[in-house]
Amino acid sequence: MIEVKNIYKSFDGANVLKDISNRFEQGKTNLIIGRSGSGKTVLLKSILGLYDIDQGEIWYDDREFVKMHHKERKKLRREIGMVFQGGALFDSLSVEANIRFPLDMFTHQSPVEKKKRVEFCLEHVNIEKSAFKLFPSEISGGMQKRVAIARAIALNPKYLFCDEPNSGLDPETATIIDQLIQHLTREFEMTTIINTHDMNSVIEIGESVLFIAKGEVAWTGSNKEILETRNKKLNDFIFANKLYAQLREEKN
Amino acid sequence: MKFFFHVGQYFTLLKKVFGRPEKLRLYVRQLFHEIDTLGVNSVWIVIIISIFIGGIMTIQFAYSMSNPIYPTTLVGLGTRDTLILEFSSTMLALIMAGKIGSNITSEIGTMRVTEQIDSLEIMGVNSASYLILPKIVAVVFIFPFLFIISVFFGLLGGLVTGPIAGVISIPDYIEGIQWLFYPYYITFSLIKSVVFGFLVASVPAYFGYYVKGGSLEVGKASTTAVVNTNILILFFDLILTRLLLT
């Protein structure tokens with residue numbers, strides 16, 4: 001479980017996050033949604049400690065992240081997996097070496113154990129063996145995202161963060177990625193936080209949804225409740241897509 | 001003010017760079033990779049440039065000493081001392097700042113804008129140390145060797161070009177390059193090479209590490225890095241010459 005309490009963050013005097021509080025449950029896919037520029041990525045990077053917050057608390061289970069010593073933070077980070085928007089795979093390493101990197105860096109496993117773990121992770125995200133030796137520039141965007149997910153789970157993390165994991169992907173691949181993340185979250189009992197503005201993802205895997213507008217919490221709920229809500233800001237966001245407006249009309 | 005900000009940030013980065021490595025074995029592996037990429041791959045360009053410069057300097061010395069009062073051995077001596085004291089250390093460092101420096105800035109800068117550095121940080125890796133320390137050690141290690149290679153091929157360039165151009169005979173040239181030789185000049189230039197190697201690796205790494213934006217900014221950062229490294233090389237050349245040679 002990850003909990004944020006009364007988070008504030010500003011850049012050059014401009015308040016980007018204002019009094020954000022929320023609880024992200026373990027074993028669920030927790031989504032942060034909002035328009036571009038609403039503060040989703042800043043919130044995600046603040047929880048990860050890539051930005052220092054101005055005020056508030058961030059709890060990883062019973063550990064308060066903000067007050068943690070640098071060394072404790074480093075230790076905690078080994079329990080975190082992150083999937084970046086662009087994949088952020090290391091260009092100079094092959095697919096296989098990308099997954100092995102955190103294992104080389106932080107474990108004392110034998111080469112055979114590492115090989116098994118790499119294969120396990122890549123098979124879990126449906127990457128074929130023929131792609132193991134390829135470099136990130138030689139594989140498709142969808143495959144890069146899957147490899148990034150495999151790298152994120154290599155150290156068996158307790159917390160998984162995904163920043164717009166299906167941006168730039170076709171709808172079919174995007175759905176596969178969404179389902180894969182949900183499946184892994186349940187299988188490994190992780191606390192997963194996904195940053196997205198893709199309504200398909202919200203409907204598909206939004207077990208818990210936090211809607212942010214202009215840096216403030218505007219709505220919280222689940223994908224089952226989201227189409228029924230009367231929250232104006234959220235309605236403006238969702239029903240900007242005519243398909244969902246039509247879906248609600250049909251339902252009513 | 002901006003100057004002091006950069007100086008402060010540069011030294012803060014260096015403190016991070018020289019932090020304790022997470023796993024020494026991986027750093028050593030990275031070091032060998034950098035020696036190959038940054039050092040060994042630069043050997044050919046150093047050889048080519050040095051041969052040409054050695055040849056050009058020999059012809060120019062011969063031209064300016066065409067007066068019969070001067071012994072022809074001075075041509076070899078002038079070529080040798082210029083190569084050792086200035087060209088093979090300082091000029092070569094300026095050239096390498098363009099080749100190696102821009103390579104370092106663009107590599108680290110691209111990793112920054114594609115979030116690969118963030119990715120390392122989130123894993124709990126000291127990204128500054130992992131990415132920059134092997135580069136600094138590799139360049140500092142390889143620079144004295146490049147200096148020696150440059151002096152050797154520069155002298156060889158003079159030996160080949162001088163007689164072909166008809167400005168000096170081979171025995172006169174060989175006698176000249178052995179005449180009034182001070183071994184301290186070599187020590188002095190090796191010290192310079194180490195200092196310049198550190199600048200050529202660390203300054204571009206700094207500009208790459210803190211780049212913000214996209215590919216356009218990475219390109220601009222590379223240019224800024226090379227210009228600043230060149231200025232710093234000349235500045236430290238002046239200081240070291242004053243301290244060690246006078």
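In chain A, A:Val4 stands opposite A:Ile58 of strand β4(A). I start there and work out to the sheet, then to chain B.

First, the ground rules. This is a predicted model, in which local features need pLDDT of at least 70, side-chain atom pairs count only at pLDDT 80 or more, and totals for chains, interfaces and linings use all residues. Residues are numbered from 1 along each chain as its sequence is written, while chains are lettered from A and ligands numbered from 1 in the order in which they are written.

Back to the sheet. Strand β1 (residues 2-11) of chain A runs antiparallel to strand β4 (residues 55-60) of chain A, and 5 bridges join them. Strands here are DSSP runs of E, at least two residues, and helices are runs of H or I, at least four residues, numbered from the N terminus. Two strands count as paired if DSSP finds at least two bridges between them. The sheet is open, has 4 strands in the order β2-β1-β4-β5 (chain A), and its pairing is antiparallel. At the edges are β2 (14-24) and β5 (63-64) of chain A, each pairing on one side only.

Next, where the chains meet. The contact takes 14 residues from chain A and 13 residues from chain B; two residues are in contact if their C-beta atoms, placed from the backbone, lie within 7 Å. On the chain B side, helix α5 (residues 116-123) gives the largest share, 6 residues. By type, that side divides into 4 nonpolar, 4 polar and 5 charged residues. Nonpolar means Ala, Val, Leu, Ile, Met, Phe, Trp, Tyr, Cys and Pro; charged means Asp, Glu, Lys and Arg; the others, Gly among them, are polar.

Now chain B as a whole. It has 9 helices and 0 strands, and its C-alpha trace spans about 70 × 40 × 35 Å along the principal axes. Of its 246 residues, 43% count as buried. A residue is buried if 20 or more other C-beta atoms lie within 10 Å of its own, exposed if 12 or fewer, and partly exposed in between, with C-beta atoms placed from the backbone. Among contacts between residues at least 6 apart in sequence, 88% join residues at least 24 apart.

An unreviewed UniProt entry lists several spans of chain B as "transmembrane region", including 43-63 and 136-160. UniProt positions are given in the numbering used here, feature names are shortened, and annotations may be inferred rather than shown by experiment. In the model, residues 43-63 are 100% helix and 0% strand, with end C-alpha atoms 30 Å apart. Residues 136-160 are also 100% helix and 0% strand, with ends 35 Å apart.

One residue in that part of the chain: B:Ile59, in helix α3 (residues 43-64) of chain B. Is B:Ile59 buried or partly exposed? B:Ile59 is partly exposed, because it has 19 other C-beta atoms within 10 Å. Beyond its neighbours within four places in sequence, B:Ile59 contacts B:Thr161, B:Ala165 and B:Val167. B:Ala165 is 106 residues away along the chain, yet the two C-alpha atoms are separated by 7.5 Å.

Last, helix α7 (residues 170-178) of chain B. B:Tyr173, B:Gly176 and B:Ile177 are buried there. They lie on the same side of α7(B), because they cover an arc of only 95° around the axis, taken from the directions from the helix axis to the C-beta atoms. The buried residues pack against α4 (73-113) and α6 (127-165) of chain B. The face turned away from the buried side carries exposed B:Pro171 and B:Gln178. After α7(B) comes B:Leu180, with a positive phi near 50°.
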